[in-house]
Amino acid sequence: MFYYYYLQLYIKYSLTIYFLLSSLLKAFLYQSFFYPLYYLILVDSEKLTRKYYSDYSKVLSIPSLKVLISINAIETALIFLRGLEIGLLFFYSFIIYFAYVLLIFWKRTKTSLVMTLVFSIIYLIFSFLPISYIFAFGAFIPLINYPLLLDHGEKASFILSLFSGLIPSIVLFRITFLGVIYVLIIGLVSLIYVYEINRKGNKIIGIPSLNVIRPFLRAVSYKKDEDLENFLEKISVPTIINIATFKIGDMYFVLPQIHFGMYGNIGSSKFPYQVEEYLKNAIVFHTPGSHELDLPSSRESRRVVEEVLKTKLDKIYFTGIESQNIGDFNITSIRFDKASISFVQRPNKGIDDLPGGLWRDIALTKNFLVDCHNETLTDEIGKREYTQLRDFVRTTKIKPKSDLQLGYSETIVNCEGLCKNLARVVTLIDKSSRQKLSLIYIYANNACHGLKDKIYEKLSDLVDYPILVTPDDHSCTASNFGNLYQPATVCDDLIEKARSLVIESIKNAKDVSDVEFGMIKVKTRVLGKIISSMVEGLEKVGSFTLKTFWIPIIIPYVILFILLLADSIIKF
């Protein structure tokens with residue numbers, strides 16, 4: 001069977017070349033740039049993630065360990081068979097190289113197996129060419145170098161990758177002057193390319209590109225969140241944030257000047273869940289601001305939550321529910337005498353984080369905005385829209401006291417795009433006007449177009465103001481390589497259960513005797529504007545990388561051709 005594969009490799013030469021080039025390209029992209037870029041792109045906003053996601057999600061994903069071992073075993077057998085024809089030193093060289101790659105990637109078995117899998121193809125092809133197969137070790141140096149940058153600095157990666165091209169020759173006493181020169185040139189080209197990428201980052205944001213990317217990549221690869229959070233704490237800036245708490249009956253509404261990112265367990269991604277640990281009946285809403293308002297670590301996030309528990313609450317009274325359209329926005333407000341909560345939606349155009357600058361007026365007027373984050377963005381919010389929201393926040397209304405009822409219900413739902421399989425509904429009823437407002441709260445990072453409208457249609461005969469709300473949940477963003485960002489999808493289970501939950505919450509509605517409100521200021525640290533600079537740098541470095549990634553792949557073969565040509569001319 002092995003010999004059959006060997007014959008196929010020998011006969012179908014053109015097919016082998018195609019497979020080699022496609023495998024090289026995919027492995028290089030995966031191991032060097034796309035994977036790191038994935039997780040840094042997440043830092044700014046889902047807009048950038050969506051921009052790159054459709055292309056990057058097609059990049060080769062690493063097969064299972066079992067598959068990799070099986071393929072490597074077949075390739076090793078083919079190399080052995082080829083060694084029987086041209087000399088067993090061919091096989092011994094490969095075994096030494098294989099062992100060296102396993103050694104330098106000892107923490108990352110799958111990475112080492114991917115590297116040897118791709119190298120084996122190159123190695124076999126070199127054995128059919130009119131040049132020494134020893135040069136294959138040097139030609140593969142760039143693709144060994146880039147994955148090493150995850151665990152090592154640029155110089156250490158350079159040296160380790162350089163020796164990958166020399167050790168088989170040294171051990172087997174097959175080293176030649178031309179071979180050493182070739183390996184050194186390829187190593188230097190690889191090092192220069194990495195330094196150029198770092199230089200781009202230094203020029204744009206004052207930090208070498210790899211110093212930014214490496215903590216993200218290590219956090220993903222090794223689940224070392226602490227390393228990344230230590231990096232974020234170093235670049236974070238001190239600030240004072242506002243956090244409002246409303247107690248309506250038994251329910252707590254928490255509106256922090258915090259963005260729930262970066263992703264997974266990192267930063268303030270788990271802030272809503274941490275609040276719920278202490279306040280079982282709490283719902284945490286997403287307010288204006290993007291990743292510049294991320295807290296740098298989960299430790300700091302929990303500390304801020306503990307400060308929320310100290311909020312002094314004063315009695316206020318309910319004055320009514322109202323809804324209005326302002327430009328592209330639909331804004332539904334729950335009004336009290338000294339504060340209000342306004343739920344902002346943008347039908348058909350979506351919202352991907354309201355401008356954080358709105359907090360300057362919110363903190364003064366106590367007219368709190370909730371970014372419903374219930375429809376993916378299709379059109380950016382411009383200066384005109386910002387001005388409309390700012391003017392709305394600055395407008396205060398004094399209305400007479402009204403009686404309020406509140407009902408609550410929740411249930412398990414199974415829908416793609418949810419970070420937690422739970423749907424919660426809070427219904428508020430203005431007893432004077434008989435208006436009903438139902439908040440359908442799901443743990444998701446935005447929602448696909450169509451979900452909101454289908455839910456509203458389902459509830460149209462039950463309540464006056466159905467509002468789908470997500471907290472822009474980043475706790476499951478980047479949970480795996482193939483699924484970086486998935487909004488809540490159009491899901492029949494959620495649509496059907498939303499109706500039953502609203503009916504249940506209306507039945508459960510009880511008179512609210514006390515409404516309380518308090519706002520605190522907390523000293524903390526946030527990521528700040530450096531995030532925007534990092535993303536700007538990322539886009540420019542990423543653009544440069546995507547335009548030039550072929551250079552380190554092609555150069556080894558160009559240089560090899562030049563060296564061999566020069567050698568033949570000298571001999572001639």
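A: Cys415 and Cys491 are both buried, where buried means under 20% relative accessible area, exposed over 50% and partly exposed in between, with a 1.4 Å probe and protein chains only. A disulfide joins the two, S to S 2.0 Å; the cut-off for calling one is a pair of cysteine sulfur atoms within 2.5 Å. Cys415 sits in the loop between strand 9 and strand 10, and Cys491 in the loop between strand 12 and helix 18, so this bond ties together parts that are 76 residues apart in sequence. The torsion about the S-S bond of Cys415 and Cys491 is about -70°, so the disulfide is left-handed.

Bear in mind that this is a predicted model: local features need pLDDT of at least 70, side-chain atom pairs count only at pLDDT 80 or more, and totals for chains, interfaces and linings use all residues. Residues are numbered from 1 along each chain as its sequence is written, and side-chain values use heavy atoms, with hydrogens and water left out.

Searching the whole structure turns up 2 disulfides. The other pair is Cys419 and Cys476, with sulfur atoms 2.0 Å apart. Cys419 is in strand 10 and Cys476 in the loop between strand 12 and helix 18, 57 residues apart. Here the S-S torsion is about -60°, so the disulfide of Cys419 and Cys476 is left-handed. Cys419 counts as partly exposed at 22% relative accessibility, and Cys476 is partly exposed too, at 25%. Counting bonded cysteines along the chain, the pattern is 1-4, 2-3.

Now for the sheet. Helices (H or I, at least four residues) and strands (E, at least two) are DSSP runs, numbered from the N terminus. The open sheet has 5 strands in the order 12-11-10-9-13, with mixed pairing; two strands pair if DSSP finds at least two bridges between them. Strand 12 (465-469) and strand 13 (510-511) are at the edges, each with a single partner strand, so one side of each has no neighbour in the sheet.
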